[in-house]
Amino acid sequence: MAVPKRKTSKARKNKRRSNVWKMSAPTLVKCNHCGEYKRPHRVCPACGFYNDREVVKVEA
């Protein structure tokens, strides 16, 4: 069976794991109807439109 020849150091272990926990900013696109920024493929929280159709009625 394959066995490691040397102990993996803490620094090397942490370098390997470092890119797993990076946070990235959510992607935002402009709404075609009102121009507010929203998440892609979701109903606009500002106006309630999706694909140029009113899906949710938003109280003004």
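Start at the largest pocket, which holds about 170 Å³ of space. Keep in mind that this is a predicted model.

**Stop 1: the pocket lining**

Select Val29, Lys30, Cys31, Asn32, His33, Lys38, Pro40, His41, Phe49, Tyr50, Asn51 and Asp52; these residues line the largest pocket. Two elements, β1 (29-30) and β3 (49-50), each give two or more residues to that lining. Now colour the lining by class. Five of its residues are nonpolar, four are polar and three are charged.

**Stop 2: His33**

Select His33, part of the pocket lining. Look for His33 in the loop between β1 and β2 (37-38). Is His33 buried, exposed or partly exposed? His33 is partly exposed because its relative accessible area is 49%, and the exposed class begins over 50%.

**Stop 3: His41**

Move to His41, another lining residue. His41 sits in the loop between β2 and β3. Check its backbone: the phi of His41 is positive, about 65°, although His41 is not a glycine. Most residues other than glycine have a negative phi. With a relative accessible area of 69%, His41 is exposed.

**Stop 4: Asn51**

Go on to Asn51, also in the lining. Which loop holds Asn51? The loop between β3 and β4 does. Asn51 has a positive phi too, near 55°, and is a residue other than glycine. The relative accessibility of Asn51 is 60%, so Asn51 counts as exposed.

**Stop 5: Tyr50**

Step back to Tyr50, in strand β3. Tyr50 is one of the lining residues. Its relative accessible area is 28%, which makes Tyr50 partly exposed. Now select Lys15 along with Tyr50. How far are the C-alpha atoms of Tyr50 and Lys15 separated? The separation is 42 Å, for two residues that are 35 residues apart along the chain.

**Stop 6: Cys47**

Select Cys47, in the loop between β2 and β3. His41 lies in that loop as well. Why does Cys47 count as buried? Its relative accessibility is 14%, and buried means under 20%.

**Stop 7: the nonpolar patch**

Select Val43, Val55, Val56 and Val58, which make a nonpolar surface patch of about 270 Å². Then centre on Val58, in the segment after β4 (53-54). Val58 is partly exposed, at a relative accessible area of 38%.

How values were computed: Residues are numbered from 1 along each chain as its sequence is written. This is a predicted model: local features need pLDDT of at least 70, side-chain atom pairs count only at pLDDT 80 or more; totals for chains, interfaces and linings use all residues. Side-chain values use heavy atoms; hydrogens and water are left out. On a 1 Å grid over the protein atoms alone, a cavity is a set of points where a 1.4 Å probe fits but cannot get out, and a pocket is an open set with protein on both sides within 12 Å along at least five of seven lines; lining residues have an atom within 4 Å of a point. Grid points are joined across faces, edges and corners, and a volume is the space filled by probe spheres set on the points. Helices (H or I, at least four residues) and strands (E, at least two) are DSSP runs, numbered from the N terminus. Ala, Val, Leu, Ile, Met, Phe, Trp, Tyr, Cys and Pro count as nonpolar, Asp, Glu, Lys and Arg as charged, and the others, Gly among them, as polar. Patches are made of residues with over 30% relative accessible area and no salt bridge: like charges are joined within 9 Å, nonpolar side chains (Val, Leu, Ile, Met, Phe, Trp, Tyr) within 5 Å. Accessible areas come from the Shrake-Rupley method with a 1.4 Å probe; for residues, only the protein chains shown count as cover. A salt bridge is a side-chain nitrogen of Lys or Arg within 4 Å of a carboxyl oxygen of Asp or Glu. Buried means under 20% relative accessible area, exposed over 50%, partly exposed in between (1.4 Å probe, protein chains only).
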